Amino acid sequence: MDRRNKGISRRGVLAAAGASIALTAMAQPTRAGTITPHAPTGPAQPGQRADLAEQAVVRRHVRALWGRSGKRLGMLVWPSSLLDLSFAQWCYWWQAHLLDCAVDAAHRAHTPERTDRVAALARGIRARNLTGWTNEYYDDMAWLTLALERADRLLGIRFGAAVRDLRAALRDGWNPAVGAVPWRSGDGFYNTPAIGPTGIAMARSGELSRARQLSEFLHTRLRDTGTGLILDGVHEPGGRVERTVHTYSQGVAIGLETELAMRTGEPLHHRRAAALVRATADHLTNGGVIAGAAADDSGLFMGILARYLAETALSLGDTTAAAIVHASARAAWEHRAEVDGLPLFGMDWTHAVSAPERAGALPPRFSAPTWANLSPDLSVQLSGWMLLEADHRLTAARH
């Protein structure tokens, strides 16, 4: 599942990494301060909490790409080393979600600094991807399509050629014999993490017929009839189903049904979205809080589910979806740690981020066995930030 090292063997990446190390030879890697394992209550307003989550990610992770101030990316771990500043490791879809969170923040509180950051992150993704906006993974491209479309729609920041290229790539990936797009170009695995966001992107671009087909694929091929949850994917030919259940798979399926309900007016999609929300509440929450994940890619799973639960609450008035987001945001905030006054979120929002008995400065690479419920991965902190932005949107809309 983790694709962080994808493409690092290319000569261009190595040359750029070397140049970056030279450019940053005088720079210091990011260092952690002292962890506060039992953080004070802090601000009560969701918008203020989202602002602090934004500050934490930006200060700890966001850096200029290869010394170019107009291009930025998020370092994949924190605390970071000088080598991390080279961005030799590449994880396209994490950066797409960082961009999406930056869009959230700029929409919450529009400032020149925030809009500049959105544009710089988009340019950083294009530059680091080396060969253009696209790659061979349809889930990656769908996530970036969604982030760039929202930057245009909500902020007026346009990367029109990028969106055209990405949408064309998603259309080209369509397999009419299966009625879906695969996980990766040339692959026979058709999975929810690619189908869901591709369907949302197609619905938002007006391609409702294909978005409906993707919805139907998920409902008829990948829905577990016992729980009502959406399974991971199916291998074609042969039809062997991967029965793993991920929180973010429910999120993108809910998001797709919500888009179709709003854009077609068909009650079927409203019913499907509501049923998925209920199944998620029944099977993938703990005391009403979204179930925890781990590090690496799965660190993003919780936040993605929160994003699309908020969408269905706002668009369809689903009170169960809103309640899950609010409960999760309270739990994540209450169980956070703090470093230098900024939040540090755990992999499981129902458990405290805790340090050893003698808490001090964080080690260069803290790990879960030493620092309970804590990961150095950007993905985990993006989930917390995404959740708090979703909580703010719901609260601002009085949901």
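Predicted model: local features only at pLDDT ≥ 70, side-chain atom pairs only at ≥ 80, totals over all residues.
Residues are numbered from 1 along each chain as its sequence is written, and side-chain values use heavy atoms, with hydrogens and water left out.

## Aromatic pairs

Rings of Phe, Tyr and Trp (its six-membered ring) pair if their centres lie within 6.5 Å; planes under 30 degrees apart count as stacked, over 60 as edge-to-face and the rest as tilted. By this rule there are 6 aromatic pairs. Tyr-137 and Trp-183 make an edge-to-face pair, 5.2 Å centre to centre with 65 degrees between the planes. This pair links distant parts of the chain, 46 residues apart. Tyr-137 sits in the loop between α4 (112-129) and α5 (138-155), and Trp-183 in the loop between α6 (160-172) and β4 (189-191). Helices (H or I, at least four residues) and strands (E, at least two) are DSSP runs, numbered from the N terminus. Tyr-137 and Trp-183 are buried.

Tyr-248 and Phe-301 are stacked, 3.8 Å centre to centre with 10 degrees between the planes. They too link distant parts of the chain: Tyr-248 is in helix α9 (residues 247-264) and Phe-301 in helix α11 (residues 301-316), 53 residues apart. Ring pairs link Trp-93, Trp-143, Tyr-248 and Phe-301 into a cluster.

## Nonpolar cores

A nonpolar core is a set of buried Ala, Val, Leu, Ile, Met, Phe, Trp, Tyr and Cys residues joined through side-chain atoms within 4.5 Å. The largest has 108 residues. Those with the most contacts inside it include Trp-93, Leu-99 and Ile-304. Helix α3 (residues 92-108) gives the most to this core, with 11 residues. A second, separate core of 9 residues includes Ile-35, Val-339, Val-353 and Trp-371.

Ile-304 touches Trp-93, His-97, Trp-143, Tyr-248, Val-252 and Met-386, not counting residues up to four places away in sequence. Contact means heavy atoms within 4.5 Å.

## Arginines

Arg-108 lies in helix α3. Arg-108 is buried, with a relative accessible area of 18%. Its contacts include Asp-51, Glu-54 and Glu-389.

Two other arginines sit over rings. The charged end of Arg-60 is over the ring of Trp-78, 4.8 Å from its centre. Arg-336 lies over the face of Trp-333, at 3.8 Å from the ring centre. A charge sits over a ring if NZ of Lys or CZ of Arg is within 6 Å of the ring centre and within 35 degrees of the ring normal.

## A hairpin and backbone details

Strands β2 (residues 62-65) and β3 (residues 68-74) run antiparallel, joined by 4 bridges. Two strands pair if DSSP finds at least two bridges between them. Ala-64 has Arg-72 in β3 as its bridge partner. The two strands form a hairpin with 2 residues between them, and Trp-66 in the turn has a positive phi of about 55 degrees.

Trp-78 and Pro-79 are joined by a cis peptide bond, with omega about 0 degrees. The bond from Glu-236 to Pro-237 is also cis, with omega near -5 degrees. Asp-340 is not a glycine, yet has a positive phi of about 55 degrees. Asp-340 is exposed, with a relative accessible area of 59%.

Definitions and conventions: Buried < 20%, exposed > 50% of the residue type's maximum accessible area, 1.4 Å probe, protein only.
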